[in-house]
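The topic is how the two chains meet.

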There are 2 protein chains.
Amino acid sequence: MKRASIKDIARLANVSHSTVSRALAGSSLVNPETAGKIRKIAEQTGYRPSAAARSLVTSRSATIGVVVTTIADPFAAEVVLGIEDAANEHNYSVILANSNALPEREVKVVRSFEERRVDGIIVTSSRVGATYAETLSQTQVPIVLLNNQHPSEFMHSVMIDNFEASRELMRYLIGLGHRRIAYIGDRYGYQSDTERFGGYRAALEGAGLGLNKSYVMLGDGKPEEGGEAAAALLELRPRPTAIFCYNDMTALGALKAITERGLRVPADISVAGFDDLFLARYSFPPLTTVRQPMREMGRLALETLVQLCDGGESQPFVQVAGELIVRESTAPPKEDS
Amino acid sequence: MKRASIKDIARLANVSHSTVSRALAGSSLVNPETAGKIRKIAEQTGYRPSAAARSLVTSRSATIGVVVTTIADPFAAEVVLGIEDAANEHNYSVILANSNALPEREVKVVRSFEERRVDGIIVTSSRVGATYAETLSQTQVPIVLLNNQHPSEFMHSVMIDNFEASRELMRYLIGLGHRRIAYIGDRYGYQSDTERFGGYRAALEGAGLGLNKSYVMLGDGKPEEGGEAAAALLELRPRPTAIFCYNDMTALGALKAITERGLRVPADISVAGFDDLFLARYSFPPLTTVRQPMREMGRLALETLVQLCDGGESQPFVQVAGELIVRESTAPPKEDS
DNA sequence: ACGTCTCTTGCACACGTGTGCAAGAGTCAG
DNA sequence: CTGACTCTTGCACACGTGTGCAAGAGACGT
């Protein structure tokens, strides 16, 4: 059996379909009594308005597209949760797409979003390469970037204050007495990495410590290479007394590599991360890190987007603050070092 | 500037809109030469067909709805990744919704899916309460449940063979020499928990060991309560020599609680989980667990769904096998115990 | 009685796409 | 030359909803 349409209800109520449309929309143009009758019939029939038909005439879909590199990344998942929660409150639906960092996949995603006439797009933690950015900009819907590289003038963005958060974490480490602090960054040159490295460097200089280039390593943001980088750092003499990792995943690998080599964290060497993923509380030892308010950032991105969709202007560059979370992976350096 | 429609292209090509429609659909009814011209114009205009208009007439949306309790759950995230990947191959889009286990949210989600005329629905790891199940069943689209409680006759489902996987893990522990094995389950009575407990019990009996009820604890599937349950188990005399946790999250909490109390895993006590979440490799020590092929299960659920959408019949009950993953959280029990 | 104003309703069109049917042009056999 | 057939195209309608406009009904003041 087919779904009931507005016409079926009209027939049952002995009115025209226009009246039904108005009644269900709560228009004041329709007699309260007939409106009540119509609503009752709609209820009984289990009527559901067709979003497609509606969007065809209103040219709004009440839908937003969200593209992430992969939803299996805990950071992306938390952000998407925040987005979807907020979208739900505004009666928007979210279409989720994984780009897997594949260019061909990215263009397919944008194409799909265009066909679906999404009202807006949120791009999370993508590198947004040159061609991708161009493709995106050609679509006429508002776009909000979240923690992306290269925020450009035509797109809005929500970001954490990487520089300041990074510097705060570094100050904490330096305050503990550390003088030889290593940094494991990201070789793909994300803007977030660049900024965090900037904070690292600024803090060192602020404390009168020079930048030792051999203490700077690059990984890929995942545990595996984080571990390899940490292992390499352990071979250096003098050995760094603390390692600041670009993100928690990298730190996770570092912790594992260090522990496997028989050293203890933080007794022999301190480790800090960035993100405060859920698992940071359950690593061994629990990880000192910088908390990014991921859900709130997702929510913020969506709020910005709906504001844009409603034709309103919005702050083009929203920045949120990180929060230093001290756990047990950091401590003052050993006496003898 | 508005998006180009099929009519705009028709005007530019001096043909009717029907011809354009056919040409772009690759129909053999249209002259190859004109088809080429039309396609070229469509390309230049950056034409994108309106999914809404199309779905209005074809009454198919090429869209599926996926509802999870929360995408922040790593299990759900992996499953959704598998679903979306497969959906992409079939040119379906996925609408993601978090129910947060709130009944009012669930009915809102289903309502939204109905309005969007999704072609099918996948429900992941939900309890699917009685009223929810009823609501779902009334919607006329095919539904596939993934690791859900109470798979019922009118819905298809994809599940892991919990019983067999659980028994295999238990046999492994027993084979190591363990005789006092505790179980931390889930107090909400998920079917998966019931089945895993069934495997636990069957393995004990198969080895001639009785079920010691004081060794069976209940948590909520999250680390916090897993830790509390483990702490309570440590107080028992004789103390269990191994703990089998309902899922990895619970095991994570158990590991933490045990380590904090100065005991070592696996030297003093063994711990095993279930799921093989990403973080199981990076816990301390790395966790012995049962791997669920989460992405494949997601993919399988989607394949089943599209088969159903295409009117074909499909196996109503798909079951996949788990795989025992032995890491470093399990070892033979201490000599003196 | 008449004009005006308010309240309520229906008509008709628009949105963008797909498709059955007919019709025109061209081809070919008889 | 005629009829049948193929190839290609356009007409017209359908899908389900929203909305400007007109029109009818009733109330009210003059």
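In this predicted model, R105(A) and E84(B) form a salt bridge, with 2.8 Å between the closest N and O atoms. Seven salt bridges are counted between chain B and chain A. The two chains also share 33 residue pairs in polar contact, counting pairs with both residues at pLDDT 80 or more.

**Which elements take part**
- On the side of chain B that touches chain A, at least two residues each come from helix 4 (51-58), helix 5 (74-89), strand 2 (93-98), helix 6 (103-115), helix 10 (223-235) and helix 11 (248-260).
- Helix 5 of chain B gives the largest share of that side, with seven residues.
- Sorted by class, the side of chain B that touches chain A holds 24 nonpolar, 14 polar and 16 charged residues.

**Extent of the interface**
- Contact between the chains involves 54 residues of chain B and 54 residues of chain A.
- Together, chain B and chain A bury about 4900 Å², and carbon and sulfur atoms account for 52% of this area.
- Within chain B, the residues that lose the most area to chain A are R48(B), R116(B) and Y282(B), which together make up 14% of what that side buries.

**Strand pairing across the chains**
- Strand 2 of chain A (residues 93-98) pairs with strand 2 of chain B in the antiparallel sense, over three bridges.
- To find your way along this pairing, look for V94(A), which stands opposite L96(B) in strand 2 of chain B.

How values were computed
Residues are numbered from 1 along each chain as its sequence is written. Chains are lettered from A and ligands numbered from 1 in the order in which they are written. This is a predicted model: local features need pLDDT of at least 70, side-chain atom pairs count only at pLDDT 80 or more; totals for chains, interfaces and linings use all residues. Side-chain values use heavy atoms; hydrogens and water are left out. Contact means heavy atoms within 4.5 Å. Buried area is the accessible area (1.4 Å probe) that two parts lose on being put together, summed over both. A salt bridge is a side-chain nitrogen of Lys or Arg within 4 Å of a carboxyl oxygen of Asp or Glu. A polar contact is a pair of N or O atoms within 3.5 Å; within protein, one must be able to donate a hydrogen and the other to accept it, and residues adjacent in sequence count only if both atoms are side-chain atoms. Helices (H or I, at least four residues) and strands (E, at least two) are DSSP runs, numbered from the N terminus. Ala, Val, Leu, Ile, Met, Phe, Trp, Tyr, Cys and Pro count as nonpolar, Asp, Glu, Lys and Arg as charged, and the others, Gly among them, as polar. Two strands pair if DSSP finds at least two bridges between them.
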